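The sequence and structure are displayed first, and the description follows.

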Amino acid sequence: MTPSIDRNQELFDRARELIPGGVNSPVRAFRAVGGTPRFVQRAQGAYFWDANGQRYIDYIGSWGPMILGHGHPAVVEAVQQAVQDGFSFGAPTEREVQLAEAIVHLMPSLEMVRLVSSGTEAAMSAIRLARGATGRSRIVKFEGCYHGHADSLLVKAGSGLATFGHPTSAGVPAEVAQHTTVLPYNDIDQLEQAFGLYGSEIACLVIEPIAGNMNFVRASVPFMRRCRELCDQHGALLVFDEVMTGFRVALGGAQSIYGRQIPGFRPDLTVLGKVIGGGMPLAAFGGPRALMEQLAPLGPVYQAGTLSGNPIATACGLATLEQIAQPGFFDALAARTRSLVDGLSIVARSEGVEFSVDCEGGMFGFFLLSSLPQDYQTVMTSDSSRFNRLFHGLLERGVYIAPALYEAGFVSAAHTEDDIATTVEAAREVFATLRTG
Ligand SMILES: Cc1ncc(COP(=O)(O)O)c(C=O)c1O
């Protein structure tokens, strides 16, 4: 229930006077679904409380990082201890070494890793490294995948394969966009045609292996195998953007899942973020030694950062990785996520609502469609007004999912069976209102 004074609205009005759109990252503004964004006052475990003191079961978890839930005691303690020793030095620390060791241990395709402060920075730097290492300019990306907001990545497909990509944001020069080829996800024919046309110019192919920025769409195994083969044939690098999936869908990331299905499979470079910082600004990219040693100060590819490897962020990330590496952690998380998606499927079916759902580890996505989409075009056939009714219906019932139909959802280790049951019951009530319309 909204109290007589709506503090969320008050704060949003103040924010809009000072911050463009009232937010520091666009999706937070609720533009897709309408209504007033919830201003978070505090969070604990699977919940957060908004400025009105209303509690929500949180299925966003800061868009992925909060895999342990909010305020996990071991993480809080590690951060508190780190704070005592200083906030930032601009000089190396032992924890950076420890975090690098933890990452390369959990993801064997990485022999070396560089820490940065955001996923955008990590993806941008990995692409610069790929270009520097291959001496080529063109990159290939896929429609519906997001890799942060570097200029060369804010690009949509041209009208045909032989035409240039177009910027999706003002301020991105056409001269930059023309080096990016954008292809439909999971489309082997177009992939082969693109390599046929441009193979010798392609520095890298960058992909979200399980795309979480068009809700939740997996790259098929044959598609991923073909990506790997074509990169190998043409001397291009395969860059896995695991900012979202890394340490989230499995301990070894999405690459460990494809590695089980495609013998010998591994990406050349991997981009990480979110969970490795446990909620602090920390991201990374890494790969084989021979490639990573092309970075400054050893090699010719420049990359740097005042706050890179920040001591508080590395403490938070290390404590988080330590928890998720405990035996059984991912089995329990995956089972909890599975019980949520199964519960949602059952109530959608019983209420006669078209629904499809998928999940892996602690990440899930659902569509008000009869079957799971394989690409962005199909995701966008979803009826956004029905999604918006579902979103607001859940929000009124204290369940917070992403305020846009093209975003994935996240379950944390702090979500209990009771939280799942409450969520499923709330969904049943809302689905009942969607049936007829
Ligand atoms: C797959 C992927 N790559 C890159 C990014 C960019 O990360 P950041 O928002 O930390 O810049 C995101 C952000 O959501 C992402 O989901």
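Domain bounds, as used here, come from an automatic or database domain assignment. For this predicted model, the assignment gives domain 1, formed by residues 7-71 together with 327-434, and domain 2, formed by residues 73-324.

**Domain arrangement**

The centres of domain 1 and domain 2, taken over C-alpha atoms, are separated by 25 Å. Their contact takes 28 residues from domain 1 and 30 residues from domain 2. On the side of domain 1 that touches domain 2, the elements listed below each supply at least two residues.

| Element of domain 1 | Residues |
|---|---|
| α11 | 329-350 |
| β15 | 356-360 |
| β16 | 363-367 |
| α12 | 376-379 |

Of the elements on this side of domain 1, β16 gives the most, with four residues.

**Overall fold**

The protein contains 14 helices and 18 strands. Its radius of gyration is 21 Å, close to the 22 Å that the globule rule gives for 437 residues, so the protein is as compact as a globular protein of that length. The C-alpha trace spans about 60 × 55 × 45 Å along its principal axes. Of the 437 residues, 47% are buried. Among contacts with a separation of 6 or more, 73% are accounted for by residues 24 or more positions apart.

**Nonpolar core**

Which residues touch the most other members of the largest nonpolar core? They are C204, L205 and V239, in a core of 133 residues. This core draws at least three residues from each of domain 1 and domain 2. When neighbours within four places in sequence are left aside, C204 is in contact with I127, A130, I139, A236, L237 and V239.

**Packing of α13 and α14**

Two packed helices are described by the angle between their axes and the distance between the axes. For helix α13 (residues 384-396) and helix α14 (residues 417-434), the axes come within 9 Å and cross at roughly 145 degrees. The crossing in which α13 passes α14 is right-handed. On the α13 side, the contact is made by R386, R389, L390, G393 and L394; on the α14 side, A426, A427, V430, T433 and L434 take part.

Terms used. Residues are numbered from 1 along each chain as its sequence is written. This is a predicted model: local features need pLDDT of at least 70, side-chain atom pairs count only at pLDDT 80 or more; totals for chains, interfaces and linings use all residues. A nonpolar core is a set of buried Ala, Val, Leu, Ile, Met, Phe, Trp, Tyr and Cys residues joined through C-beta atoms within 7 Å. A residue is buried if 20 or more other C-beta atoms lie within 10 Å of its own, exposed if 12 or fewer, and partly exposed in between; C-beta atoms are placed from the backbone. Two residues are in contact if their C-beta atoms, placed from the backbone, lie within 7 Å. The radius of gyration is taken over C-alpha atoms; the globule rule is 2.2 Å times the number of residues to the power 0.38. Axes are lines fitted to C-alpha atoms, for helices over the stretch in contact, and angles run from 0 to 180 degrees between N-to-C directions. A crossing is left-handed if the near helix is turned anticlockwise from the far one by less than a right angle, and right-handed if clockwise.
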